[in-house]
Amino acid sequence: MQGTKTSVKFYQVAATCTPSANLVKVQEVASWLLEMNQELLSGGSKRRRTGGSLRGNASLSHGEEEQMNRVVEEQEGHCVRNPDGSGAEASSSTSDEAQVATAEEEENNNQITAEAKEENKEEEQEDGEEEMDQDSDDFEQSDESSREEDSTNGNDVTDQNYNIDIAVQQPLAQLTKNQMKRKLDPGPEVRSFSSGKKPCKGSEYKSTTGLVPCSATPTTFGDLRAANGQGQQRRRITTVQPPPELQDWLKTFQSWSGPERLLALDELIDSCEPTQVKHMMQVIEPQFQRDFISLLPKELALYVLSFLDPKDLLQAAQTCRYWRILAEDNLLWREKCKEEGIDEPVYIKRRKVIKPGFAHSPWKSAYIRQHRIDTNWRCGDLKTPKVLKGHDDHVITCLQFCGNRIVSGSDDNTLKVWSAVTGKCLRTLVGHTGGVWSSQMRGNIIISGSTDRTLKVWNADSGECIHTLYGHTSTVRCMHLHENRVVSGSRDATLRVWDIETGQCLHVLMGHVAAVRCVQYDGRRVVSGAYDFMVKVWDPETETCLHTLQGHTNRVYSLQFDGIHVVSGSLDTSIRVWDVETGNCIHTLTGHQSLTSGMELKDNTLVSGNADSTVKIWDIKTGQCLQTLQGPNKHQSAVTCLQFNKNFVITSSDDGTVKLWDLKTGEFIRNLVTLESGGSGGVVWRIRASNTKLVCAVGSRNGTEETKLLVLDFDVDMK
């Protein structure tokens, strides 16, 4: 009973406190709340730069907490409360300035609240809310985990931040100034209203205490709450009637001077129980909640939002109408798309407009589309694939996929051009007199190499053979196309450089003493691997061998070249990384148990597939094996082909499956293709993937699986 009376008394005292001095003492009780507000403005952006989330209730790191405690101790040393109230007098002027700033912010909040209420009356708001919900549907799972984390932080915030003071305001101003490096001079007393924000009209209100009439200008904490429309929102004590002496006690309190009131508040706080202090915070807390994004100029608000992850941006867009407008900024989403490698915006025709002048971001649409596509790859329903039958029961030896055009080469001496959209065979390229074992494609130009010792240049649109390139004396086993030049490697141990526009042989590179099995060309250097265990680096213009890379002890079957590093895979089970300029071996990657039949290199990340049924992910800068794709869901036979992007690794195998893996974690995601004849002869020979489609060349060598192409579609409809 005594505790309840204390809560009633304190609330009445707080409501009659003048903002100039008495409010400071109440603020000390709610110091954790002030710190949370400052954390939003200063700490959030700093942590975002290191990968953290921008959340108002995020806890301090150990180092930040120690620094804050030092600031608090220094301030306490400068302002010691004395029984005569001298310490309180020293902080009186500072408190007056702080209260003026608080009142200005309250007025701005009131203006934003008034505008939000007016906008909520507009009929088109329902359409906007539905669309905001739709935008964030794809991130629902991530949002749920974020909310759980936020809930945990919210429960612990009192303990973590109770000792934090408002001294972070000065470092905040300096930090913002240094980071932005902009000229911002709004003036300390002038606050311009953002577009669409309406100033509030003069307020008329009644005192929450009922003791004194209120003037047009708020003078007490209770008046400020009433001016902000929060006078009726506080938790009222209804279980006990106010004691008769309460009114006299309050009048006595009002008759005291500022220092005397501070002293009385000090004593009152010290005599309160924890539950009563909690009640004080519940009364005071709403006054220190700030929509800091709406209070900032648009440029600064967008700068803050730029540190959010896309999924957090979509969630922020559902906060209010103004946040929705900011979170739709096209330049903001263009940068998010750039980070994800998305280079084309998506323009969608909208049936309804949320508000006149509101523009949907094409870059945001592009990001959402890509996220939905990635979700389809990872866990979407697998649609029935298109089946492209051809080449009878022959082996599909090479496969190319670009745009909506698929080209398959076979040992039946032909190539076929297919539509990836309709699945129809557009034309069959006939002319070789031996099996086709290598091919390349650029635009509507196709180049093929055959056991008939020739290369042919085809027009994919017409099916016409433009050039037949003669010169090799044995099977053309490999080739690589760069712009209008193609380099071919043959079992005759030579390489030839051709101009595909004229059909002329420009250069012949001789030096290998066995069949050339793989070749790479970047327009400046040619790198070749052969059955003589050697890797050679060539200058094609002078036809000279710059380096012979020796180290492998068996045939070289695969190569990757990024202009700086040469990566070679061999039957000796090792993978070697070489410096193309010096010819030195930088790393020898060991771990596979058999032939490395296929590799792909992007941005210093190498993925290798091996006949030992495993796939490994390497960092070629350090030589470290980052992941081995194995476990209970690993392939049961030799890996035949692979491809990867920033998120996924796709692998195919002689076991008749195509598997999807997570590039970063190495975890198995799911099977994309599983042949019924897998394990009894069904084989996936080749795979090629685009952003939205996967093409698989399947068949068998014993007749258990019909030769065909399977096309899986993971695209989404953004209408």
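How do strand β3 and strand β4 pair, and over how many bridges? They pair in the antiparallel sense, with 5 bridges between residues 405-410 of β3 and residues 414-419 of β4. Val-407 faces Val-417 of β4 across this pairing.

## Model and confidence

This is a predicted model. Mean pLDDT for the protein is 78. A value of 70 or more is reached by 66% of its residues.

Two stretches stay under 50 in pLDDT. One is residues 40-65, where the model has 52 contacts beyond four places in sequence. Another is residues 141-215, with 106 such contacts.

## The sheet around β3 and β4

Strands β3 and β4 belong to an open sheet of 4 strands. The order is β2-β3-β4-β5, and the pairing is antiparallel. The edges are β2 (396-402) and β5 (425-430). Each has a single partner strand, so one side of each lacks a neighbour in the sheet. On average, neighbouring strands here are turned by 15 degrees against each other, direction ignored.

What is the helix and strand content of residues 469-508? The span is 0% helix and 60% strand. Its end C-alpha atoms lie 13 Å apart. For residues 589-628, the chain is 0% helix and 60% strand. The end C-alpha atoms of residues 589-628 are 13 Å apart.

Conventions:
Residues are numbered from 1 along each chain as its sequence is written. This is a predicted model: local features need pLDDT of at least 70, side-chain atom pairs count only at pLDDT 80 or more; totals for chains, interfaces and linings use all residues. Side-chain values use heavy atoms; hydrogens and water are left out. Helices (H or I, at least four residues) and strands (E, at least two) are DSSP runs, numbered from the N terminus. Two strands pair if DSSP finds at least two bridges between them. Axes are lines fitted to C-alpha atoms, for helices over the stretch in contact, and angles run from 0 to 180 degrees between N-to-C directions. pLDDT is the predictor's confidence in each residue, from 0 to 100. Contact means heavy atoms within 4.5 Å.
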